[in-house]
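Could you walk me through the fold of this chain?

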Amino acid sequence: NRIISAGIPVMGHLGLTPQSIYKFGTYTVRAKEEAEAEKLKKDALLLQQAGCFALVLEKIPALLAKEVSESLAIPTIGIGAGNQCDGQVLVLHDMLGLNQGFKPKFLRHFAALGSEVKNAVANYIDAVKDSSFPSIDESY
């Protein structure tokens, strides 16, 4: 609350909070059980009342995210929370397919750049090793 009263905009974050993974012990879907869902709804209202300008809802059931979104005056941003939030977010490296081997259910790869990046780096290394980069045209 002191941050908000100091004039610093704050976006709340409920559901799976990766920064608290050691508290939860897992990356599973949050608020599937009634008690945790009720707490999340109350916490969302408290964050709005505290002055948050928006709220991220991460990896919670879509119906719960819809209910929370409809109950708030501030916008909700979903990540793994269905399509009824006011907006969506994905980590850029994940959506571009740069992080290989990480594929939670909510993640859609909009590109597969991981192999492209690996090839580009390998080509760069080869060009440096064989002294073809930088060329005379690429030098001052």
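Predicted model: local features only at pLDDT ≥ 70, side-chain atom pairs only at ≥ 80, totals over all residues.

Residues are numbered from 1 along each chain as its sequence is written, and side-chain values use heavy atoms, leaving out hydrogens and water.

Let's begin with the open sheet, whose four strands follow the order E1-E2-E3-E4 with parallel pairing. Strand E1 (11-15) and strand E4 (87-88) are at the edges with a single partner strand each, so one side of each has no neighbour in the sheet. Strands (E, at least two residues) and helices (H or I, at least four) are DSSP runs numbered from the N terminus, and two strands pair if DSSP finds at least two bridges between them.

Further in, E2 (residues 54-58) and E3 (residues 76-79) are joined by four bridges, with leucine 57 opposite glycine 78 in E3. E3 is joined to E4 by two bridges; here isoleucine 77 has glycine 87 as its bridge partner.

Now follow the chain from E2 through H4 to E3: this β-α-β crossover is right-handed (with the strands pointing away from the viewer, the path from the first strand over the helix to the second runs clockwise).

Finally, look at helix H6 (residues 113-129). Its 17 residues should span 24 Å at 1.5 Å a residue, which agrees with end C-alpha atoms 24 Å apart; the expected span is 1.5 Å times one less than the number of residues. After H6 comes serine 131, with a positive phi near 65°.
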